[in-house]
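The following note sets out comments on the structure shown below, arranged as numbered points for a colleague's review.

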Amino acid sequence: ITAARQVPTSWTDYNGHMNETHYLEAASLATDRFMELIGAGPDYIAQGRSYFTVESHVRYLDEVRSGETLTITTQVLAGQGKRLHLFHRLWRGETLAATVETMLLHTDLTTRRSSLPDLAVADALGVWASRHAGLPAEGAGRFVGAPLSSVPA
């Protein structure tokens, strides 16, 4: 679990459910928490290194309304070299409400170019990637308009 929060009324739209913008915001908070878990939190950023999101894909699977609690779990799909590939699941109770797949690149903040992470961060990430290797990630790898039959399970 990388995030949990009650959905505020300000996150809902004219349809009475959570607006699409806030699914990505919730996943971003989970990414930030995961960064702390691998040693790439605020102190790491202050030293001039970080991960930048380069792509995200959101799947909306069920409605979430104001006052409901979201719990977000994070799975590492890949984490080696400069690349970090995360798969967030947004749960409303026992119901999977959404998934957010995110690709990040490690970046040197002084040059604004991709770079390898520090060894301690790379090692911590490797531990998580090993723990999550082979776990199912239904919906990962999809793209907008992808026929379901062409999507790997």
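1. In which helix is the place of Phe34? Phe34 belongs to helix H1, which covers residues 20–37. The model under review is a predicted one, and the remarks that follow should be read accordingly.

2. Is Phe34 buried or exposed? Its relative accessible area is 1%; Phe34 is therefore classed as buried, since the cut-off for that class is under 20%. Beyond its neighbours within four places in sequence, Phe34 is in contact with Thr2, Thr74, Val76, Leu84, Leu86, Leu125 and Trp128. As for Thr73, the C-alpha atoms of Phe34 and Thr73 are 9.8 Å apart, with a separation of 39 residues in sequence.

3. In soluble globular proteins, nonpolar side chains tend to be buried together. The largest nonpolar core here has 15 residues, and Met18, Val64, Leu70 and Leu90 are those with the most contacts inside it. Two or more residues of this core come from each of H1, strand S3 (69–80) and strand S5 (95–108). H1 provides the largest share, 4 residues. Apart from this core lies another, of 13 residues, which includes Met35, Tyr44, Leu86 and Ala129.

4. Leu70 can be described through its contacts. When neighbours within four places in sequence are left aside, Leu70 is in contact with Ala3, Ala4, Arg5, Val7, Met18, Ala26, Val64, Leu90 and Trp91. Among these partners, Met18, Val64 and Leu90 are also listed with Leu70 as the residues with the most contacts inside the largest nonpolar core.

5. Ala4 is one of the contacts of Leu70 and lies in strand S1, residues 3–6. Is Ala4 buried or exposed? Ala4 has a relative accessibility of 55% and counts as exposed, because the threshold for that class is over 50%. Outside the four places on either side in sequence, Ala4 is in contact with Leu70 and Thr71. Ala4 and Gly16 are 12 residues apart in sequence, and their C-alpha atoms are 21 Å apart in space.

6. Ala129, a member of the 13-residue core, is located in helix H3, residues 119–132. With a relative accessibility of 18%, Ala129 counts as buried, because that value falls under the 20% limit. Sequence neighbours within four places aside, Ala129 is in contact with Val76 and Gly79; Val76 is also in contact with Phe34. Ala129 and Ala78 are 51 residues apart in sequence, yet 6.1 Å separates their C-alpha atoms.

7. Which element gives the most to the lining of the largest pocket? H1 does, with 7 residues. The largest pocket holds about 250 Å³ of space. Its lining comprises 17 residues, of which Ser28, Thr31, Asp32, Thr53 and Leu104 are the closest to the centre. H1, helix H2 (42–46), strand S2 (49–60) and S5 each give two or more residues to that lining. By type, the lining residues are 8 nonpolar, 7 polar and 2 charged.

8. How many salt bridges does a search of the whole structure find? The search finds 5. One of them pairs Arg92 with Asp62, with 3.4 Å between the closest N and O atoms. This pair links distant parts of the chain, 30 residues apart: Arg92 is in strand S4 (residues 83–92), and Asp62 is in the loop between S2 and S3. Asp62 is partly exposed, at 32% relative accessibility.

9. Arg92 also forms a salt bridge with Glu68, where the closest N and O atoms are 3.6 Å apart. Here too the pair links distant parts of the chain: Glu68 lies in the loop between S2 and S3, 24 residues from Arg92 in strand S4. The relative accessible area of Glu68 is 27%, and Glu68 is partly exposed. Through shared partners, these salt bridges join Asp62, Glu68 and Arg92 into one network.

10. A further salt bridge joins the side chains of Glu63 and Arg65, at 3.0 Å from N to O. Glu63 is partly exposed, at a relative accessible area of 34%. Arg65 is likewise partly exposed, at 43%.

Notes:
Residues numbered from 1 in each chain as written. Predicted model: local features only at pLDDT ≥ 70, side-chain atom pairs only at ≥ 80, totals over all residues. Heavy atoms only, no water. Buried < 20%, exposed > 50% of the residue type's maximum accessible area, 1.4 Å probe, protein only. Contact = heavy atoms within 4.5 Å. Core = buried A, V, L, I, M, F, W, Y, C linked by side-chain atoms within 4.5 Å. 1 Å grid on protein atoms, 1.4 Å probe; cavity = no way out; pocket = protein on both sides within 12 Å on 5 of 7 lines; lining within 4 Å. Points joined across faces, edges and corners; volume = space filled by probe spheres on them. Nonpolar A, V, L, I, M, F, W, Y, C, P; charged D, E, K, R; others polar. Salt bridge = Lys/Arg side-chain N within 4 Å of Asp/Glu carboxyl O.
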